[in-house]
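Biologist: Before I use the terms in your annotation, I would like each one set against its definition. Please take them one at a time.

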Amino acid sequence: MGFMTIDGRKVEFTDEKNVLSVIRKAGIDLPTLCYHSELSTFGACRLCTVEDDRGRTFASCSEEPRDGMVIYTNSGRIKKYRKMIVELLLSAHCRDCTTCVKSGECKLQELAHRMNITTVRFQNTREEKPLDTSSPALIRDPNKCILCGNCVRACRELQGLEVLGFTHRGTDAMVTPAFDKPLSETDCVSCGQCRVFCPTGAISIRTNMDEVWDAINDPDTRVIAQVAPAVRVAVGDAFGLTKGHSVMGKLVAVLHRMGFDEVYDTTFAADLTIMEESKEFLNRVEKNEKLPLLTSCCPAWVKFVCDQYPEFKDNLSTCRSPQGMFSAVIKEYYKNPERSQNKKTFVVSIMPCTAKKMEILRSNNFTHGEQDTDIVLTTTEIIRMINNSGIDFASQETEACDMPFGFGSGAGAIFGVTGGVTEAMLRRLADDHNKATMDAIAEAGARGDEGIKEFTVNYKGTDLNVCVASGLANAQTVMEDVKSGRKHYHIIEIMACRRGCIMGGGQPPRAGDRTKSARRDGLYQADHVTSIRKADENPLILALYDTLLKDKTHELLHVDKY
Ligand code: HC0
Ligand code: SF4
C-alpha cells in the first residue's frame, strides 16, 4: 500500500499493477488504445503518457506505482502530446467514418471527438492496401490498423495461436498473418477474439445482414431464426436495459416484427446435444475407448483440434453442435410438402460467435451434401438490424418461441457459459431432478471463471475425471498435459472464448468485468427460472425422438468424420 498525488489529490494504491490503474481508480479516464487488462502490457500507443513533478514523461501503463509519486495527467504539455498522437494516427488511417462498420464504436473516432480534432495537419504517406476478405468470419482492413498490437496479443496470449504478427519496419510496419497469407490459409479458427480487442475497424465481423433482409423480403421464403443461449444476455444493454438480464422474450417479439416467420431457441437443440453426447460418452466409458471425450459444440475448438492435435480427432464427440443439429432438424421437418407449402426454408442462426459462420460451411456438418444453416448472424449484427428496422426494443411485450421446437430446458441455457455443457451432462446422468441433486451438481466444480477446472464425479461406482477449460491457450495446456500422460481425463469440455460463449467474438465488444459477470449470472438465472432443468425431461425432445428422429439420429445429429 502507498500514496501518490494525482493532479493535486492524494490517492491510495494497494495492488494496482501500474500507475494507469491508480489513475483510473482516482476517477480519471485516461485514454488508451493498446492497454487491456486481459492482455500483456505493450506500451505502444503512448496515449496514457503522464508527467511527474520533475517534468519526466512516461507511459503510465508501463510504470509501477511508487509511494510518494506526484503525477500530472492533464498538464498543457501532456494534452498537446496526446492530441498529436491521435492526429498522427489519423493521418495514417483511412477516414471513411460514415461507411465504416465500426463507426460509433471506434476508439480512434471517439478519441478524435474527445480531443476536438476537426482537421488533420499531417499528410497520409501510407499506401492503400487491399482488404483480406478470405475468412468466412472476419474482414481484415489494413488501412484501418493503428498498430496497437491488441489482435496479435489476443491471438497469442488468449488463444495460443500466432496467426497475426508485425511485419515490415518503420512507416511500412503492418500487422498481417505470416507471409501475408490470407486468413483463410492460416491456422485461424475464426474465434473473433482479435476483433473483440481491435479498437478500430481493422478487424471486423464479416456481415450477412443484407442476405437476411433479402430472404425476409421474399414471399416464397420461410425465414426461421434460432437464438443461441448467450445472445439473450448481451442484447439488452444495447437498448438501455439492465446488463446481463435475459431479454429472450423481447427478442422473439422483435424478430417476429422484423419479418422472421418462426423463431426458435437453440437451447432446444442443446438438449438434443446432451441426449446424444451423454449416450456417446457412456458408451465410450463402457468400452474404454476414445477417451477423453472432447466436446464438439465449439467450432473454433474443433478446428483447433483438427489443425493442432490431429491425433486427437477421434476423441472429438461426433455430435454436431446444437446450431448444426437444429438446422438439420428444421430442414428435415420442412421436407414434408404439406408443411413446406412450396416455400423455401431459410435458417438463420443468431449467435454470439464468429466461428459459427465458419462451422456452417464445413461440409462434414452438411446433411446429404447440403448446407443446413443458411446464415449466421452475430449478436452485433442482430442489434444493428433491430436498429435498422427502427423497432423500439425496450418497449416490446415479451413473446414465446414458436412450436414445435420452441422450448429448451435450463440445462440448454447454461451452455453459453463455460462449464455449462458439463453441468448439463451431469444433470442428464443424474437419476432425479430434486433441488438437492441440482445443487450438488452445480457445486461439483464445473462453475466458475477460472480458465481450467478439473474435478472428479462418481457415476454408478466409477470415478470420472472431468476437465473444463475456456480460451484456446488454456485448451493447449490441457491437451499438452493429456498428450504427455501427465493428466488422465474421461471428458474435456472446451469453449474457445474465455468464460464461454458469453464472451464470443460476435458479442458487442468492450465488455468489462461487470458485463462479463452479469452475462454469466443472467444465464444461470435463465436456467433457474425454467421449469425443466434436465434435457431428458424436455417433452418436445422426447416427442422428436419418437417421430422425426426415429431412424435419423445419426444422419441429422452427428458428423461422420472430422
Ligand atoms: Fe454457444 Fe452453443 S452454447 S456454442 O457457446 O453447444 O455460439 O450461446 O449457440 O451451437 O446451444 C455459441 C452460445 C451456442 C451451439 C448452444 C453449444
Ligand atoms: Fe487469431 Fe482468433 Fe483472430 Fe483468427 S480469429 S486471428 S485465431 S484471434
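Modeller: What follows is a set of questions about the terms, with the values behind them.

Modeller: The model is predicted, so local features need pLDDT of at least 70 and side-chain atom pairs count only at pLDDT 80 or more, while totals for chains, interfaces and linings use all residues. Residues are numbered from 1 along each chain as its sequence is written, and chains are lettered from A and ligands numbered from 1 in the order in which they are written.

Biologist: Why is arginine 499 called buried?

Modeller: A residue is buried if 20 or more other C-beta atoms, placed from the backbone, lie within 10 Å of its own, exposed if 12 or fewer, and partly exposed in between. Arginine 499 has 24 other C-beta atoms within 10 Å, and is therefore buried. Arginine 499 sits in the loop between strand 17 and helix 18 (513-528). Helices (H or I, at least four residues) and strands (E, at least two) are DSSP runs, numbered from the N terminus. Phi of arginine 499 is positive, near 75 degrees, in a residue other than glycine.

Biologist: And what makes arginine 46 partly exposed?

Modeller: Arginine 46 has 17 other C-beta atoms within 10 Å, so the label is partly exposed. Arginine 46 lies in the loop between helix 1 (19-25) and strand 3 (49-52), and its phi is also a positive value, near 65 degrees.

Biologist: How is phenylalanine 3 classed, and on what count?

Modeller: With 14 C-beta neighbours inside 10 Å, phenylalanine 3 counts as partly exposed. Phenylalanine 3 belongs to strand 1 (residues 2-6).

Biologist: Which residues does phenylalanine 3 touch?

Modeller: Two residues are in contact if their C-beta atoms, placed from the backbone, lie within 7 Å. Leaving out residues up to four places away in sequence, phenylalanine 3 touches Lys10, Val11, Glu12 and Asp67. From phenylalanine 3 to valine 70 there are 67 residues in sequence and 9.4 Å in space, C-alpha to C-alpha.

Biologist: What makes helix 10 mostly covered?

Modeller: Of its 12 residues, 10 are buried. Among them are Pro322, Met325, Phe326 and Lys331. The cover over the buried residues of helix 10 includes strand 10 (221-227), helix 8 (266-287) and strand 13 (344-351).

Biologist: Which residues make up the shell around ligand 1?

Modeller: A residue is near a molecule or strand if its C-beta atom, placed from the backbone, lies within 6 Å of it. By that rule 22 residues surround ligand 1, and the closest are Ala228, Ala230, Cys297, Cys353 and Cys501. Helix 8 and helix 10 are the elements that give two or more residues to this shell, and helix 8 gives the most, with three.

Biologist: How does the shell around ligand 2 divide by class?

Modeller: Ala, Val, Leu, Ile, Met, Phe, Trp, Tyr, Cys and Pro count as nonpolar, Asp, Glu, Lys and Arg as charged, and the others, Gly among them, as polar. The shell around ligand 2 has 10 nonpolar, four polar and no charged residues. The closest of the 14 residues there are Cys155, Val163, Cys188, Cys191 and Cys194. Helix 4 (150-158) and helix 5 (193-197) each supply at least two residues of the shell.

Biologist: How do you know that strand 7 and strand 8 pair?

Modeller: Two strands pair if DSSP finds at least two bridges between them. Strand 7 (residues 164-167) and strand 8 (residues 174-177) are joined by four bridges and run antiparallel. Phenylalanine 166 stands opposite valine 175 in strand 8.

Biologist: What makes strand 12 and strand 15 edge strands?

Modeller: The open sheet of four strands has the order 12-17-16-15, with mixed pairing. Strand 12 (293-294) and strand 15 (452-459) each pair on one side only. Strand 16 (residues 462-470) and strand 17 (residues 491-495) pair in the parallel sense over five bridges.
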